[in-house]
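These are my notebook entries from an afternoon of looking things up in one structure. Follow along with the model open beside you.

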Amino acid sequence: MADDGPVEHGFPHLETVRAAITALYRRLSYDTVRTFSASVAPADVAFSDTDDLHLGARRVAHELVRHYRLPDARPVVSFRAMTHAADVELAAGPEYFIELNDRFRTHRRDIGAALAHEVTHVYLHRLGLSFPGTRDNEILTDTVTAYLGAGWLLLDAFREHGEASQKLGYLTPEEFGYVLAKRARVFGEDPSVWFTSPQAYTAYVTGRERARADERQPPLTAAGWAGRRRYARDRRRARDQGAGAAAAADGVPYAFSPDGPGPLRVSFPCPTCHQRVRVPVRGRVRARCGLCRTVLDCDT
(Lines give C-alpha, C1' and ligand atoms only; values in the text may rest on other atoms or scores of the structure.)
Protein backbone atom coordinates (compact mmCIF):
# COMPACT_ATOMS: atom_id res chain seq x y z
CA MET A 1 0.00 0.00 0.00
CA ALA A 2 1.49 3.30 -1.12
CA ASP A 3 0.23 6.10 1.12
CA ASP A 4 1.46 9.64 0.57
CA GLY A 5 4.53 8.29 -1.19
CA PRO A 6 5.71 7.77 -4.77
CA VAL A 7 3.57 5.45 -6.89
CA GLU A 8 5.32 3.20 -9.39
CA HIS A 9 4.02 3.56 -12.93
CA GLY A 10 4.40 1.73 -16.22
CA PHE A 11 4.53 -2.01 -16.89
CA PRO A 12 7.42 -3.49 -14.86
CA HIS A 13 5.50 -6.69 -14.00
CA LEU A 14 3.96 -7.33 -17.42
CA GLU A 15 5.47 -10.76 -18.05
CA THR A 16 4.29 -12.02 -14.65
CA VAL A 17 0.84 -10.56 -15.29
CA ARG A 18 0.63 -12.40 -18.61
CA ALA A 19 1.80 -15.63 -16.98
CA ALA A 20 -0.92 -15.15 -14.35
CA ILE A 21 -3.65 -14.86 -17.01
CA THR A 22 -2.40 -18.04 -18.67
CA ALA A 23 -2.28 -19.86 -15.32
CA LEU A 24 -5.81 -18.73 -14.52
CA TYR A 25 -7.21 -20.16 -17.76
CA ARG A 26 -5.29 -23.39 -17.29
CA ARG A 27 -6.55 -23.86 -13.74
CA LEU A 28 -10.16 -22.77 -14.22
CA SER A 29 -10.82 -23.64 -17.89
CA TYR A 30 -12.54 -21.46 -20.47
CA ASP A 31 -16.01 -22.43 -19.28
CA THR A 32 -15.38 -21.47 -15.65
CA VAL A 33 -13.76 -18.15 -16.56
CA ARG A 34 -16.89 -17.32 -18.56
CA THR A 35 -19.04 -17.70 -15.44
CA PHE A 36 -17.44 -14.48 -14.16
CA SER A 37 -18.97 -12.37 -16.92
CA ALA A 38 -20.56 -9.97 -14.41
CA SER A 39 -18.23 -7.72 -12.43
CA VAL A 40 -18.86 -6.76 -8.83
CA ALA A 41 -21.52 -4.04 -8.97
CA PRO A 42 -20.66 -0.67 -7.37
CA ALA A 43 -23.92 -0.66 -5.40
CA ASP A 44 -23.09 -4.02 -3.79
CA VAL A 45 -19.80 -2.79 -2.31
CA ALA A 46 -20.69 0.85 -1.61
CA PHE A 47 -19.68 2.05 1.85
CA SER A 48 -20.76 5.39 3.26
CA ASP A 49 -19.53 7.23 6.33
CA THR A 50 -22.89 6.65 7.98
CA ASP A 51 -22.64 2.85 7.75
CA ASP A 52 -21.63 0.92 10.84
CA LEU A 53 -17.93 0.14 10.37
CA HIS A 54 -17.94 -3.55 11.26
CA LEU A 55 -21.37 -4.44 9.92
CA GLY A 56 -20.64 -2.59 6.68
CA ALA A 57 -17.26 -4.28 6.22
CA ARG A 58 -18.84 -7.67 6.88
CA ARG A 59 -21.57 -6.95 4.32
CA VAL A 60 -19.05 -6.00 1.63
CA ALA A 61 -16.89 -9.03 2.42
CA HIS A 62 -19.94 -11.28 2.09
CA GLU A 63 -20.69 -9.82 -1.35
CA LEU A 64 -17.16 -10.63 -2.48
CA VAL A 65 -17.37 -14.15 -1.03
CA ARG A 66 -20.59 -14.59 -3.01
CA HIS A 67 -18.97 -13.22 -6.18
CA TYR A 68 -16.28 -15.91 -6.02
CA ARG A 69 -18.86 -18.59 -5.13
CA LEU A 70 -16.93 -19.51 -2.03
CA PRO A 71 -18.70 -21.49 0.71
CA ASP A 72 -21.30 -19.28 2.38
CA ALA A 73 -19.70 -18.65 5.76
CA ARG A 74 -19.54 -15.58 8.00
CA PRO A 75 -16.72 -13.14 7.21
CA VAL A 76 -15.08 -11.75 10.34
CA VAL A 77 -13.46 -8.38 9.60
CA SER A 78 -11.33 -6.58 12.18
CA PHE A 79 -9.06 -3.51 12.14
CA ARG A 80 -5.57 -3.06 13.56
CA ALA A 81 -2.36 -1.10 12.99
CA MET A 82 -0.21 -2.79 10.33
CA THR A 83 2.16 -1.96 7.50
CA HIS A 84 0.16 -3.59 4.74
CA ALA A 85 -3.38 -2.77 3.68
CA ALA A 86 -4.86 -6.04 4.90
CA ASP A 87 -4.26 -9.65 5.82
CA VAL A 88 -6.36 -12.83 5.63
CA GLU A 89 -6.22 -16.16 7.40
CA LEU A 90 -6.04 -18.97 4.85
CA ALA A 91 -7.38 -21.66 7.15
CA ALA A 92 -9.88 -24.31 6.13
CA GLY A 93 -12.74 -22.28 7.57
CA PRO A 94 -15.64 -22.23 7.79
CA GLU A 95 -15.32 -18.52 8.72
CA TYR A 96 -13.20 -15.98 6.84
CA PHE A 97 -10.95 -13.94 9.15
CA ILE A 98 -9.74 -10.72 7.52
CA GLU A 99 -7.77 -7.90 9.14
CA LEU A 100 -7.76 -4.41 7.66
CA ASN A 101 -5.35 -1.57 8.28
CA ASP A 102 -6.63 0.95 10.83
CA ARG A 103 -6.52 3.67 8.18
CA PHE A 104 -9.67 2.19 6.63
CA ARG A 105 -11.64 3.30 9.65
CA THR A 106 -11.54 6.77 8.09
CA HIS A 107 -11.05 5.74 4.43
CA ARG A 108 -14.17 3.61 4.15
CA ARG A 109 -14.71 4.07 0.42
CA ASP A 110 -11.65 1.86 -0.18
CA ILE A 111 -12.66 -1.00 2.12
CA GLY A 112 -14.13 -2.90 -0.84
CA ALA A 113 -10.82 -2.70 -2.70
CA ALA A 114 -8.82 -4.08 0.23
CA LEU A 115 -11.35 -6.85 0.81
CA ALA A 116 -11.39 -7.78 -2.90
CA HIS A 117 -7.67 -8.59 -2.83
CA GLU A 118 -7.93 -10.61 0.39
CA VAL A 119 -10.98 -12.64 -0.67
CA THR A 120 -9.17 -13.45 -3.93
CA HIS A 121 -6.34 -14.83 -1.79
CA VAL A 122 -8.87 -17.21 -0.22
CA TYR A 123 -10.22 -18.19 -3.64
CA LEU A 124 -6.77 -18.94 -5.06
CA HIS A 125 -5.77 -20.84 -1.92
CA ARG A 126 -8.78 -23.13 -2.29
CA LEU A 127 -8.04 -23.57 -5.99
CA GLY A 128 -4.47 -24.52 -5.17
CA LEU A 129 -3.19 -21.87 -7.59
CA SER A 130 -0.10 -19.93 -6.57
CA PHE A 131 3.20 -18.61 -7.88
CA PRO A 132 6.53 -19.15 -6.09
CA GLY A 133 7.72 -16.15 -4.10
CA THR A 134 5.68 -13.51 -2.30
CA ARG A 135 6.03 -10.85 -5.01
CA ASP A 136 4.88 -13.03 -7.90
CA ASN A 137 2.09 -14.55 -5.84
CA GLU A 138 0.76 -11.10 -4.97
CA ILE A 139 0.91 -10.10 -8.65
CA LEU A 140 -1.06 -13.28 -9.45
CA THR A 141 -3.66 -12.29 -6.83
CA ASP A 142 -4.04 -8.76 -8.21
CA THR A 143 -4.29 -10.08 -11.76
CA VAL A 144 -6.96 -12.64 -10.90
CA THR A 145 -8.89 -10.03 -8.87
CA ALA A 146 -9.01 -7.76 -11.91
CA TYR A 147 -9.67 -10.48 -14.49
CA LEU A 148 -12.54 -12.07 -12.54
CA GLY A 149 -14.42 -8.84 -12.01
CA ALA A 150 -13.42 -7.31 -8.66
CA GLY A 151 -10.16 -5.57 -9.55
CA TRP A 152 -11.72 -2.33 -10.80
CA LEU A 153 -12.10 -1.52 -7.09
CA LEU A 154 -8.33 -1.69 -6.63
CA LEU A 155 -7.66 0.63 -9.56
CA ASP A 156 -10.35 3.05 -8.38
CA ALA A 157 -8.52 3.29 -5.04
CA PHE A 158 -5.57 4.90 -6.86
CA ARG A 159 -5.48 8.65 -6.32
CA GLU A 160 -2.82 11.32 -6.70
CA HIS A 161 -3.28 14.87 -5.46
CA GLY A 162 -0.13 16.91 -5.67
CA GLU A 163 2.37 15.32 -3.31
CA ALA A 164 -0.26 13.04 -1.77
CA SER A 165 -0.91 9.64 -3.30
CA GLN A 166 -2.58 6.33 -2.57
CA LYS A 167 -2.46 2.99 -4.33
CA LEU A 168 -3.60 -0.45 -3.23
CA GLY A 169 -2.23 -3.70 -4.62
CA TYR A 170 1.07 -4.78 -6.13
CA LEU A 171 0.37 -3.95 -9.78
CA THR A 172 0.98 -0.47 -11.08
CA PRO A 173 -2.15 1.52 -12.00
CA GLU A 174 -1.38 1.01 -15.69
CA GLU A 175 -1.01 -2.75 -15.19
CA PHE A 176 -4.41 -2.85 -13.48
CA GLY A 177 -5.74 -0.98 -16.52
CA TYR A 178 -4.10 -3.55 -18.80
CA VAL A 179 -5.76 -6.52 -17.07
CA LEU A 180 -9.13 -4.76 -16.87
CA ALA A 181 -8.93 -4.01 -20.59
CA LYS A 182 -8.15 -7.68 -21.29
CA ARG A 183 -11.24 -8.62 -19.31
CA ALA A 184 -13.34 -5.96 -21.02
CA ARG A 185 -12.33 -7.33 -24.42
CA VAL A 186 -13.52 -10.82 -23.47
CA PHE A 187 -16.77 -9.87 -21.75
CA GLY A 188 -17.70 -6.72 -23.64
CA GLU A 189 -17.91 -4.42 -20.65
CA ASP A 190 -16.62 -0.93 -19.90
CA PRO A 191 -15.28 -0.71 -16.33
CA SER A 192 -14.33 2.95 -16.74
CA VAL A 193 -17.91 4.03 -16.02
CA TRP A 194 -17.44 2.86 -12.41
CA PHE A 195 -14.31 4.89 -11.67
CA THR A 196 -14.64 7.77 -9.22
CA SER A 197 -10.92 8.57 -9.41
CA PRO A 198 -9.82 10.53 -12.50
CA GLN A 199 -6.31 9.09 -12.10
CA ALA A 200 -7.81 5.61 -12.31
CA TYR A 201 -9.43 6.43 -15.64
CA THR A 202 -6.17 7.79 -17.05
CA ALA A 203 -4.31 4.64 -15.97
CA TYR A 204 -7.03 2.47 -17.50
CA VAL A 205 -6.73 4.23 -20.86
CA THR A 206 -2.94 3.71 -20.84
CA GLY A 207 -3.35 0.06 -19.92
CA ARG A 208 -6.01 -0.39 -22.58
CA GLU A 209 -3.66 0.88 -25.28
CA ARG A 210 -1.00 -1.59 -24.15
CA ALA A 211 -3.56 -4.41 -24.24
CA ARG A 212 -4.64 -3.43 -27.74
CA ALA A 213 -1.01 -3.53 -28.87
CA ASP A 214 -1.03 -7.27 -28.06
CA GLU A 215 -3.69 -7.68 -30.76
CA ARG A 216 -1.53 -5.91 -33.36
CA GLN A 217 1.54 -8.14 -33.20
CA PRO A 218 2.52 -10.22 -36.25
CA PRO A 219 1.64 -12.73 -37.52
CA LEU A 220 -1.86 -11.44 -36.65
CA THR A 221 -3.46 -9.70 -39.62
CA ALA A 222 -4.09 -6.60 -37.48
CA ALA A 223 -0.33 -5.97 -37.27
CA GLY A 224 0.91 -2.65 -38.61
CA TRP A 225 3.15 -2.06 -41.60
CA ALA A 226 6.40 -1.91 -39.62
CA GLY A 227 5.64 -5.13 -37.79
CA ARG A 228 4.68 -6.92 -40.99
CA ARG A 229 7.90 -5.77 -42.66
CA ARG A 230 10.07 -7.05 -39.83
CA TYR A 231 8.11 -10.31 -39.72
CA ALA A 232 8.74 -10.88 -43.45
CA ARG A 233 12.46 -10.28 -42.94
CA ASP A 234 12.62 -12.69 -39.96
CA ARG A 235 10.63 -15.31 -41.88
CA ARG A 236 13.03 -15.07 -44.82
CA ARG A 237 16.00 -15.46 -42.49
CA ALA A 238 14.40 -18.52 -40.83
CA ARG A 239 13.87 -20.19 -44.20
CA ASP A 240 17.44 -19.47 -45.26
CA GLN A 241 18.78 -21.21 -42.14
CA GLY A 242 17.39 -24.51 -43.38
CA ALA A 243 15.22 -27.22 -41.91
CA GLY A 244 17.64 -28.07 -39.14
CA ALA A 245 17.64 -24.68 -37.44
CA ALA A 246 15.19 -22.52 -35.58
CA ALA A 247 14.98 -18.77 -35.74
CA ALA A 248 13.75 -16.44 -33.03
CA ALA A 249 14.30 -12.72 -33.42
CA ASP A 250 15.15 -10.61 -30.39
CA GLY A 251 12.46 -8.27 -29.11
CA VAL A 252 9.54 -9.88 -30.95
CA PRO A 253 6.88 -12.23 -29.55
CA TYR A 254 6.99 -14.77 -32.38
CA ALA A 255 9.51 -17.54 -33.04
CA PHE A 256 10.06 -19.76 -36.07
CA SER A 257 10.88 -23.45 -35.88
CA PRO A 258 11.06 -26.33 -38.37
CA ASP A 259 8.48 -29.11 -38.23
CA GLY A 260 10.64 -32.05 -39.25
CA PRO A 261 10.37 -32.55 -42.99
CA GLY A 262 7.21 -30.44 -43.04
CA PRO A 263 6.76 -26.69 -43.48
CA LEU A 264 8.23 -24.02 -41.27
CA ARG A 265 6.04 -23.12 -38.29
CA VAL A 266 5.67 -19.97 -36.24
CA SER A 267 4.63 -19.74 -32.60
CA PHE A 268 3.28 -16.62 -30.90
CA PRO A 269 1.31 -15.72 -27.77
CA CYS A 270 -2.49 -15.62 -27.94
CA PRO A 271 -3.46 -11.97 -27.34
CA THR A 272 -6.24 -13.07 -24.97
CA CYS A 273 -4.64 -15.65 -22.65
CA HIS A 274 -0.96 -15.56 -23.75
CA GLN A 275 -0.78 -19.30 -24.29
CA ARG A 276 1.56 -19.87 -27.22
CA VAL A 277 -0.12 -20.85 -30.48
CA ARG A 278 1.81 -22.70 -33.21
CA VAL A 279 0.72 -22.62 -36.84
CA PRO A 280 2.31 -23.48 -40.21
CA VAL A 281 3.92 -20.70 -42.25
CA ARG A 282 1.76 -20.73 -45.36
CA GLY A 283 0.10 -17.34 -45.78
CA ARG A 284 -3.42 -16.64 -44.51
CA VAL A 285 -4.34 -18.95 -41.65
CA ARG A 286 -7.19 -18.94 -39.15
CA ALA A 287 -6.27 -20.54 -35.83
CA ARG A 288 -8.13 -21.17 -32.60
CA CYS A 289 -6.36 -20.96 -29.24
CA GLY A 290 -6.88 -24.28 -27.48
CA LEU A 291 -6.94 -22.64 -24.05
CA CYS A 292 -9.26 -19.63 -24.32
CA ARG A 293 -10.88 -20.52 -27.69
CA THR A 294 -10.07 -17.17 -29.26
CA VAL A 295 -10.16 -17.31 -33.07
CA LEU A 296 -7.05 -15.66 -34.54
CA ASP A 297 -6.71 -14.37 -38.10
CA CYS A 298 -3.07 -14.68 -39.11
CA ASP A 299 -0.93 -13.91 -42.13
CA THR A 300 2.04 -16.21 -41.67
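**Entry 1: a salt bridge and its two partners**

I looked up aspartate 102 and found it partly exposed, with a relative accessible area of 29%. For this label, buried means under 20% relative accessible area, exposed means over 50%, and partly exposed is in between, with a 1.4 Å probe and protein chains only. Aspartate 102 meets the side chain of arginine 105 in a salt bridge, 2.9 Å from N to O. A salt bridge here is a side-chain nitrogen of Lys or Arg within 4 Å of a carboxyl oxygen of Asp or Glu. Arginine 105 also counts as partly exposed, at 36% relative accessibility.

Two notes on the source before I go on. The model is predicted, so I keep in mind that local features need pLDDT of at least 70 and side-chain atom pairs count only at pLDDT 80 or more, while totals for chains, interfaces and linings use all residues. Residues are numbered from 1 along each chain as its sequence is written, and side-chain values use heavy atoms, with hydrogens and water left out.

How many salt bridges does a search of the whole structure find? I noted 20.

Next I picked arginine 286 and aspartate 297, whose closest N and O atoms are 2.8 Å apart in a salt bridge. This pair links distant parts of the chain: arginine 286 is in strand S10 (residues 284–288) and aspartate 297 in strand S11 (residues 295–299), 11 residues apart. Strands (E, at least two residues) and helices (H or I, at least four) are DSSP runs, numbered from the N terminus. Arginine 286 counts as exposed at 62% relative accessibility, whereas aspartate 297 is partly exposed at 35%.

Then I checked aspartate 234, which forms a salt bridge with arginine 233, the closest N and O atoms being 3.8 Å apart. Aspartate 234 is buried, with a relative accessible area of 3%, while arginine 233 is partly exposed at 38%.

I also wrote down a network of salt bridges that links Glu15, Arg18, Lys182, Arg210 and Asp214.

**Entry 2: a charge without a bridge**

Is glutamate 175 buried or exposed? It is buried, yet glutamate 175 has no salt bridge. The nearest side chain of opposite charge belongs to arginine 135, 7.3 Å away. In this count Lys and Arg are positive and Asp and Glu negative, with His and the chain ends not counted.

I placed glutamate 175 in helix H7 (residues 173–187). Leaving aside neighbours within four places in sequence, glutamate 175 is in contact (heavy atoms within 4.5 Å) with Gly10, Phe11, Pro12, His13 and Leu14.

Helix H7 also holds arginine 185, which is exposed, with a relative accessible area of 57%. Arginine 185 and threonine 272 are 87 residues apart in sequence, and their C-alpha atoms are 8.4 Å apart in space.

**Entry 3: rings**

I counted up the aromatic pairs next, and the structure holds 10. Rings of Phe, Tyr and Trp (its six-membered ring) pair if their centres lie within 6.5 Å; planes under 30 degrees apart count as stacked, over 60 as edge-to-face and the rest as tilted.

Tyrosine 25 and tyrosine 147 form an edge-to-face pair, 5.8 Å centre to centre with 75° between the planes. They link distant parts of the chain, with tyrosine 25 in helix H1 (residues 14–28) and tyrosine 147 in helix H5 (residues 134–147), 122 residues apart. Tyrosine 25 is buried at 3% relative accessible area, and tyrosine 147 counts as buried at 0%.

Why is the pair of tryptophan 152 and tryptophan 194 tilted? The planes of the two rings are at 45°, so the pair is called tilted; the centres are 5.3 Å apart. Tryptophan 152 is buried at 4%, while tryptophan 194 counts as partly exposed at 23%.

**Entry 4: the core**

Which residues touch the most other members of the largest nonpolar core? They are Leu100, Ile111 and Leu115, in a core of 90 residues. A nonpolar core is a set of buried Ala, Val, Leu, Ile, Met, Phe, Trp, Tyr and Cys residues joined through side-chain atoms within 4.5 Å. Helix H4 (residues 111–127) gives the most to this core, with 10 residues.
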